[in-house]
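Here are a few notes to go with your first look at this model. Have the structure open while you read.

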Amino acid sequence: MREYKIVVLGSGGVGKSALTVQFVQGLFVERYDPTIEDSYRKQVEVDGQQCMLEILDTAGTEQFTAMRDLYMKNGQGFVLVYSITAQSTYYELIDLRDTILKVKDTADVPMVLVGNKCDLEDERVIGKEVGQTLARNWNATFLETSAKQKINVNEIFFDLVRQINKRTAVNKDKKIKNKNSGQIMNSNLSASSGNNDVDNLPTNLSNPATVSNDQGCCILL
């Protein structure tokens with residue numbers, strides 16, 4: 001069974017733990033308890049494939065930022081969460097994503113941008129289209145969620161699994177093509193080496209009329 005390492009990131013209080021616990025245990029955590037680091041494992045079926053998800057729920061407070069590089073380096077897919085009721089939590093994700101790309105040294109990273117607490121529509125300060133635009137610029141998936149009402153919670157993690165599978169398949173195809181290209185190149189080089197034997201023949205054989213013997217005399221054919 002394939003394992004997937006997923007990292008949940010975002011500011012404190014946006015609902016990272018609530019989303020994770022809702023997905024893993026089917027419970028809504030009402031009380032906010034600042035997380036240092038929690039790790040969960042859950043077996044799910046995605047598109048007919050059994051998967052084991054290892055989910056890391058990270059801290060949102062600044063004092064734990066030194067641990068983030070390790071999370072980002074080991075993670076295969078990332079959930080970036082903001083609250084639709086707090087503008088600052090949205091802007092903080094821009095720096096977080098930049099750090100992820102820097103640590104991973106690639107712009108092609110499986111990622112889902114999540115606008116959480118969509119059940120608090122009366123307190124909304126970030127429009128849905130704002131999140132959609134940012135996700136489109138990032139080439140990422142966008143979902144508005146509610147951990148309380150379990151809206152789009154499963155979809156976050158299922159989508160990440162699909163993204164990881166897609167990128168793995170693409171990378172595998174690239175490796176096969178590169179391997180085949182290398183084999184063709186080696187074959188061409190081998191063929192060229194064999195043809196070079198003709199070039200090593202005595203130059204005077206180009207004239208079939210004469211051949212030199214060991215004494216330097218010419219023998220007419």
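1. A quick definition to start: a salt bridge here is a side-chain nitrogen of Lys or Arg within 4 Å of a carboxyl oxygen of Asp or Glu. Keep in mind that the model is predicted. Searching the whole structure turns up seven salt bridges.

2. Take glutamate 3 and arginine 41: their side chains form a salt bridge, at 3.0 Å from N to O. Glutamate 3 sits in strand β1 (residues 2-10) and arginine 41 in strand β2 (residues 37-46), so the pair links distant parts of the chain, 38 residues apart. Glutamate 3 is partly exposed at 38% relative accessibility, and arginine 41 is partly exposed at 45%.

3. Lysine 5 pairs with glutamate 54, with 3.5 Å between the closest N and O atoms. Lysine 5 is in β1 and glutamate 54 in strand β3 (residues 49-58), so this bridge ties together parts 49 residues apart in sequence.

4. Next up, aspartate 47 and arginine 162, whose closest N and O atoms are 2.9 Å apart. Aspartate 47 belongs to the loop between β2 and β3, arginine 162 to helix α5 (residues 153-199), so parts 115 residues apart get tied together. Through shared partners, salt bridges also join Glu3, Lys5, Arg41 and Glu54 into one network.

5. Now for α4 (residues 128-138): which of its residues are buried? They are Gly131, Leu134, Ala135 and Trp138. Viewed down the helix axis, they fall within an arc of 100°, so they line one face of α4. Exposed Glu129, Arg136 and Asn137 are on the face turned away from that buried side. The cover over the buried residues includes β4 (77-83) and α3 (87-104).

Methods:
Residues numbered from 1 in each chain as written. Predicted model: local features only at pLDDT ≥ 70, side-chain atom pairs only at ≥ 80, totals over all residues. Heavy atoms only, no water. Buried < 20%, exposed > 50% of the residue type's maximum accessible area, 1.4 Å probe, protein only. Helix = DSSP H or I, 4+ residues; strand = E, 2+ residues; numbered from the N terminus. Arc of directions from axis to C-beta. Contact = heavy atoms within 4.5 Å.
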